[in-house]
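Thanks for coming. I will go through one structure, element by element, so please keep the picture in view while I talk.

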Amino acid sequence: MSDTSLTVAVIDPSRARAAILEEGLMAAGFTRVVVLPDTADLPARVAALNPDVVVIHLESPSRDILEQMSGLSRHVERPVAMFVDRSDTTMMEAAVDAGISAYVVDGLRPERIKSIIDIAILRFNAFARLQRELSEARGELADRKLIERAKGILMAMKGLSEEEAYKQMRKKAM
């Protein structure tokens, strides 16, 4: 499913866990894996790296990390898969709000990494498509409101019917 030529950024303060992730990614065929061992200045470092996918592994994500991830997902706009050892409902909700594409609790096993990356990419792409569609729909709605206002002005100023006002607007637009 996934393109193994993608650049994958691995963020993990634990070198041992980062090695497991790196090993799993390499075993899955990913050839460009860059490990970032700490979260200091994370958004800028990830933006500079410009990876295709971000994989994070933490024991228990803090609010600060999730806020950084929220900023990261908005600025870098990449799929993010997060592995955590412990979590709770509040942290899961915060992860979803932060734009995390895959949130896996106590499930870091090298053989599962590729399928988790695949689903993170698919979910990210589906969400991005929905965001684009929402933006387009909002634009169309705003255009429609503007057209209705213009029609109303023509109807009031020139005493036209709705159909006549619309015809005049179309004629002018062409």
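Contact here means heavy atoms within 4.5 Å, and buried means under 20% relative accessible area, exposed over 50%, and partly exposed in between, with a 1.4 Å probe and protein chains only. The helix and strand labels are DSSP runs numbered from the N terminus: helices are H or I with at least four residues, strands are E with at least two.

Some housekeeping. This is a predicted model, in which local features need pLDDT of at least 70 and side-chain atom pairs count only at pLDDT 80 or more, while totals for chains, interfaces and linings use all residues. Residues are numbered from 1 along each chain as its sequence is written, and side-chain values use heavy atoms, with hydrogens and water left out.

Back to α5. Which of its residues are buried? They are Ile 113, Ile 116, Ile 117, Asp 118, Ala 120, Ile 121, Phe 124, Lys 151 and Leu 154. As for length, the 46 residues of α5 should span 68 Å at 1.5 Å a residue, and the end C-alpha atoms are 67 Å apart, which agrees. The expected span is 1.5 Å times one less than the number of residues. After α5 comes Gly 159, with a positive phi near 65°.

Glu 163 is in helix α6, and at 53% relative accessibility it counts as exposed. Lys 151 is 12 residues away from Glu 163 along the chain, and their C-alpha atoms are separated by 9.0 Å.

Now the sheet. In what order do the strands lie? The 5 strands form an open sheet in the order β2-β1-β3-β4-β5, with parallel pairing. β2 (32–36) and β5 (102–105) are at the edges with a single partner strand each, so one side of each has no neighbour in the sheet. On average, neighbouring strands are turned by 15° against each other, direction ignored. Two strands count as paired if DSSP finds at least two bridges between them. In general, strands of a sheet pair through backbone hydrogen bonds, either parallel or antiparallel.

Look at β4, residues 80–84. This strand pairs with β5 in the parallel sense over 4 bridges, and with β3, also in the parallel sense, over 5 bridges. Met 82 stands opposite Tyr 103 in β5. Helix α5 (residues 113–158) packs on the sheet and touches β3 (53–58), β4 and β5, and its direction makes about 135° with that of β4. For that angle, axes are lines fitted to C-alpha atoms, for helices over the stretch in contact, and angles run from 0 to 180 degrees between N-to-C directions.

Phe 83 of β4 has His 57 opposite, and in β5 its bridge partner is Val 104. How many residues of β4 are buried? The count is 5 of the 5, so β4 is largely enclosed by the rest of the structure. Both faces are covered, with Val 80, Met 82 and Val 84 on one side and Ala 81 and Phe 83 on the other.

Between α4 (89–97) and β5 there is a loop, and Ser 101 sits in that loop. Ser 101 counts as buried, at 5% relative accessibility. Leaving aside residues up to four places away in sequence, Ser 101 touches Pro 79, Val 80, Ala 120, Arg 123 and Phe 124.

Last, helix α1, residues 15–27. Its 13 residues should span 18 Å at 1.5 Å a residue, and the end C-alpha atoms are 18 Å apart, which agrees. Arg 17, Ala 18, Leu 21, Gly 24 and Leu 25 are buried in α1. Seen down the axis, these buried residues fall within an arc of 125°, so they line one face of the helix. The arc is taken over the directions from the helix axis to the C-beta atoms. What covers them includes β1 (7–11), β2, β3, β4 and α5. The face turned away from that buried side carries the exposed residues Arg 15, Ala 16, Glu 23 and Ala 27. Gly 29 follows α1, and its phi is positive, near 100°.

That is the end of my walk through the model. I will take questions now.
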